[in-house]
Amino acid sequence: MNNLQEIIGNALKRGGKRQADLAETGIVSSPQAASRKMKANTWSVAELVAVAEWLGCKVIFQMQDGEQREIK
């Protein structure tokens with residue numbers, strides 16, 4: 001799984017959330033806007049971090065040597 005839309009969709013399912021619930025984050029204003037956001041697949045890093053935190057996840061940047069740094 002390497003498609004961002006799939007990754008976010010999977011995280012939503014695992015977190016017991018629905019795509020329409022993304023409006024709770026303040027990133028989108030309505031369930032319809034959440035649907036458009038998912039289809040357009042245009043996420044800023046700040047938006048990804050906000051969604052990850054909302055779901056209890058982390059955004060990680062992995063270095064060539066395996067070191068992992070969390071993006072906050």
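**Core and salt bridges at a glance**

Aspartate 21 is buried, with a relative accessible area of 14%. Keep in mind that you're looking at a predicted model. Aspartate 21 also has a charged partner: its side chain meets that of arginine 18 in a salt bridge. Here's a quick tour of that pair, the other bridges and the nonpolar core.

**Salt bridges**

- Searching the whole structure turns up four salt bridges.
- In the bridge between aspartate 21 and arginine 18, N and O sit 3.4 Å apart; arginine 18 counts as exposed, at 55% relative accessibility.
- Lysine 17 pairs up with glutamate 24 through their side chains, at 3.5 Å from N to O. Lysine 17 is partly exposed, at 27% relative accessible area, while glutamate 24 is exposed, at 51%.
- Lysine 37 and glutamate 47 form a salt bridge too, with 2.8 Å from N to O. Lysine 37 belongs to helix α2 and glutamate 47 to helix α3, so this pair ties together parts that are 10 residues apart in sequence. Both of these residues are buried.

**The nonpolar core**

- The largest nonpolar core is made of 11 residues, among them Ile8, Leu12, Met38, Trp43 and Leu55.
- Ala34 is one of the core residues, and so are Leu22 and Val28. Leaving aside residues up to four places away in sequence, alanine 34 touches Leu22 and Val28, along with Gln19 and Ala20.

Key
Residues numbered from 1 in each chain as written. Predicted model: local features only at pLDDT ≥ 70, side-chain atom pairs only at ≥ 80, totals over all residues. Heavy atoms only, no water. Core = buried A, V, L, I, M, F, W, Y, C linked by side-chain atoms within 4.5 Å. Buried < 20%, exposed > 50% of the residue type's maximum accessible area, 1.4 Å probe, protein only. Contact = heavy atoms within 4.5 Å. Helix = DSSP H or I, 4+ residues; strand = E, 2+ residues; numbered from the N terminus.
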